[in-house]
Structure formats: structure tokens, C-alpha cells
Amino acid sequence: MEQYYLIGSPVAHSLSPLIHNTAFESLGHPARYGLIETGTEQLEETVAKLKEEQAFGWNVTMPVKTAMCDLCDELSLTSKIGKSVNTVRNVNGRLFGYTTDGIGLFNALEKRGLTINGRKIVLLGTGGAASAILIEAALRSAGQISVFYNRPESAVRAGETQEKLKPFSETAISLFSYNEEGRLKKELSDADLLINATNVGMEGSSSAGMCLIPDESYLPSSLFVCDIIYHPYETVLLKMARSRGCRTEGGLAMLVGQAAESFRIWTGLTMPEDLIYNTLSGEL
């Protein structure tokens, strides 16, 4: 029986066991997925135990995504640039680290008919998920990416990622403050894809029911609008976009997409994504 885990803190609320165990059971694959509560101070000990147990792999969540990089023997290009790992494959004690968030999101969007090559993307946010999305979009040769940040230190972090990408991508990346009057509306006027990669609008957060887009006039009907938040299932942003006639995609796209990519890395199998979507829809 192959064993997989999610490590980090907190992990009790995670949907990952439901996702992966449903997939394993559906495919008749002999594996189980569990949870291990792990902070930064316990990470080395936890990884040593996982190697001793001969766990086949694990997902990594906050706050140990960055620290996990130093414990891997090899990193994917995305993980090297972003200094973050969310998927580890253990091959006879040799650890391979990957970041699947951006890959999962864009794989999902491409299945819905939106190719990234040459497209203009407006990206809201500079955190971990936003960074993974930015890196993957650039590596997939997006034509232009306009990144919006809210704090000077966020701009510094995004700028560092921008510099690291230069040897690998010719994508034009621009950084803008939300406070730059008129800029957000201007950048959206000719964009192909808008991605909210912040937690603004997430249920249970201080920004629940809020939206970073001031009003519908910011959203051309030709725009594809994606929100990585999956709780609520349809955010204020997505409702606004739908009322404008935009194509939309909610947070389940990245949640399932990143899990499917981890699943492929570990097993070489294709996750039954339609089944997972239906299973999760019943939970949310």
C-alpha cells in the first residue's frame, strides 16, 4: 500500500485526503493519503520519518513550503524560481520537489479552451499562489502579465521573481499598485484573462463578500475571469463577471488541477477530475 500525506499547519481542514483517496479508490490504486501536522521546527524530523516509512510522496502547505526546498535533492524550475515546494516525490530516499499550483490552474483553463501563449493576463496578488501562477504563465509564454500589489514589500517580492524569470521567458511583466489611479481599469481594458490570486472575498475571512474590482465597468465582456477562491463556490467577483457576460472559472479549477498534477507526478496516472469535481461540489 503506497502512502501519501499532506504536511504543514493547520491541515485538519484540508480537502486533499478526500480528493486523493477518492481518486485512488476510483482507479483501484493501492494507496492512502493522510495528514501530518508539521510546523517549521518539526519539518526535518517529519521528513526523516517519512523517508524512514518509505512514503511515496507528500504535499506541502504553509508554513513549510519554502523550508521544504532545502530538504529536496532536486527542484523543478518553478520551485527554484519561486523558492517553494508543494509536492514531493520520494524515490528511494531521493526527494524531488515541485510546485503544481500554476500548472494545475492553466491545465484546467486550457481544457476550457483558454490557451495562455501570447495572452495578456492581469494578476491580482503577489503571495505564494500568485507567485506560482506568475511563474507558470511566464514559462507558458504569456504575452504580457500585469501584476497588482498592495504593499511595497509585495512589489519587492514580485520584482525578485520577475528578475529570476528573465533567463527563461520573454514575457513582459509589469508591476502596479492598486493605488495607482485608473491603472487597473486601463490594464483590464485589453486583457484576455483576469486572475484573483488573493483571499479577498473568501468566506470566513475579514474580506468576505468583498471584491478588488470596484464595479462592472472594469470588466470587458470578452474577458475570462478566474478566482482561485473556492469557498464560496461563486465569489462576488465571479457574480460580477457573469453579469457582464464574461466566461468565468472558480477556485475548484486550481484546487483540482494542482492535485491532479501531484497525482500524475506520484503515480503516472490521470486523476478522474470530473468525479473529483462532483465530489467536492457536494462538500462546498
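Two strands are taken to pair here if DSSP finds at least two bridges between them. On that basis, this predicted model contains an open sheet of six strands in the order β9-β8-β7-β10-β11-β12, with parallel pairing. The edge strands are β9 and β12, each of which pairs on one side only, and from one strand to the next the twist averages 15°.

| Element | Residues |
|---|---|
| strand β9 | 172–177 |
| strand β12 | 247–249 |
| helix α10 | 252–267 |
| helix α11 | 273–281 |

Helix α10 has 16 residues, which at 1.5 Å a residue should span 22 Å, and the distance of 22 Å between its end C-alpha atoms agrees with this expectation. Because 15 of the 16 residues of α10 are buried, the helix is largely enclosed by the rest of the structure. Just after α10, G268 takes a positive phi of about 75°.

The axes of α10 and α11 come within 11 Å and cross at roughly 135°, which makes α10 oblique to α11; the crossing of these two helices is right-handed. On the α10 side, the residues in contact are L252, A253, L255, V256 and A260, and these meet E273, I276, Y277, L280 and S281 in α11.

Definitions and conventions. Residues are numbered from 1 along each chain as its sequence is written. This is a predicted model: local features need pLDDT of at least 70, side-chain atom pairs count only at pLDDT 80 or more; totals for chains, interfaces and linings use all residues. Side-chain values use heavy atoms; hydrogens and water are left out. Helices (H or I, at least four residues) and strands (E, at least two) are DSSP runs, numbered from the N terminus. The expected span of a helix is 1.5 Å times one less than its number of residues. Buried means under 20% relative accessible area, exposed over 50%, partly exposed in between (1.4 Å probe, protein chains only). Axes are lines fitted to C-alpha atoms, for helices over the stretch in contact, and angles run from 0 to 180 degrees between N-to-C directions. Angles under 35 degrees count as roughly parallel, over 145 as roughly antiparallel, 65 to 115 as roughly perpendicular and the rest as oblique. A crossing is left-handed if the near helix is turned anticlockwise from the far one by less than a right angle, and right-handed if clockwise. Contact means heavy atoms within 4.5 Å.
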